[in-house]
Amino acid sequence: MLGRPEYRKALVFCALIGVPVALVAFWFLVALRQLEQLIWTTWPKDLGWKQAPWWWALPLLTTAGLVVGLVVARFPGQGGHLPAGGLHSGGVTRAALPGVLTAALVGLPLGVVLGPEAPLIALGGGLALLLASLVRAPENEASTALLGAAGAAAAISALFGNPIVGAVMLMEVAGVGGPQLFAVMLPVLLASGVGDLIFTGFVHWTGLQAGTLSIGLPKPPPLDWGDVLWVLVLAPALAFLVHWTFVGGRFAARFVATRTVRNTMVCALGAGVCVTLYAVSTGRSPAEAALSGEATLSRLAQDPHAFSVGALVAVLAFKGLAYSLCLGSLRGGPVFPALFLGGAAGVLLAPLPGLGLVPGMAVGMAASVTAALRLPVSGVVLVVLLLGNVQTVALVVLAAVVSFVLTQLLPQGPSIPAVGERPADQAAH
């Protein structure tokens, strides 16, 4: 392959497009963060409130629903893929970029319970194809797929701050290798996780050392059988709940398809009501139940005692419902809300006998994000890098595999419209 001149040229071009794509991704993420800070923190304080008032999400999410509904109905590409269908690496053309940017830059800062990863994938792939057309690079099915995946990987790596996550996620999203990929990866992943557990257990039980790649960093308490048993209980339970959250999103997508603009606003308002109920029932900021949950997850991990049991239950219930509505009606990515819900569930359940905070969050996030994405390897890599704790890798692997297998066996719910496929009310005209 490397001996072919056209392949070497493609490698050089992919390296070059990584520069503008990463710069655009950087400013896109900066704009989102600044807008979220302005709308949810600065404006309420300027108006005399200590935090955003309980009703703050209602007008914001209604506005988001109106704008996104118009984008879906009028713009090429419908503003990108519906997140209820998971992540996708293809199908977004150069003409779809304005709609993708509009839906993301308006909807996400206004409180849509979704993340920026799906718009970034679309943005990176679309920009790569745009640059290829500007330099008049040859266009065929293979080159388009390669350049689109390379641009998307560059953009998603900028979000997660790690090229490994971007590469692995795009490999799984693009389905390189087809069904054989999962047929090989899943048993290998499971065997490696079990092998790590047994190896770690023998080292702990015997006190003998067989050699290690560790460079001597401080280690948390070793895993024990209680952690393993809790994986077999918590992972399927969380996977079941997240799976049905997505099924609810697919029903919402079918509802939106009948009257796009109006029903998108209805779903967005419903998400706003969920956020409002969280704020009213807990007295906390509605921003914790709105948005992607990335910042709140970080605060939760650093200070889990800042959330009472009631607040954790409320955010799981109301953010989960809002997430389901947004999955089927608005535009964004499913990753960060799933990570947040899994992390919050892990914090809530951490006091269970034999569990603990770090194993609880590891199992919760791995099971939830795998159930959301159906990408077990990407889920493992992402959670391990987020935790920065190699001692929990085996738990993460087992939770991801259990979650993936269960969600594949459960009913998948109704199908959703694909990008470019007009809803029924528009197709009739």
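Student: How many helices and strands are in the chain?

Tutor: Helices (H or I, at least four residues) and strands (E, at least two) are DSSP runs, numbered from the N terminus. Here the chain has 16 helices and zero strands. This is a predicted model, in which local features need pLDDT of at least 70, side-chain atom pairs count only at pLDDT 80 or more, and totals for chains, interfaces and linings use all residues. Residues are numbered from 1 along each chain as its sequence is written, and side-chain values use heavy atoms, with hydrogens and water left out.

Student: What is the mean pLDDT of the chain?

Tutor: pLDDT is the predictor's confidence in each residue, from 0 to 100. The chain has a mean of 82, and 79% of its residues reach 70 or more. Over residues 208-218 the pLDDT is below 50, and this stretch has five contacts (heavy atoms within 4.5 Å) beyond near neighbours in sequence. Where pLDDT is low, the predicted coordinates should not be read in detail.

Student: At what angle do the axes of α13 and α14 cross?

Tutor: Axes are lines fitted to C-alpha atoms, for helices over the stretch in contact, and angles run from 0 to 180 degrees between N-to-C directions. Those of α13 (residues 357-373) and α14 (residues 376-387) cross at roughly 145° and come within 9 Å. Residues making this contact include Met 365 and Val 369 of α13, and Leu 382 and Val 383 of α14.
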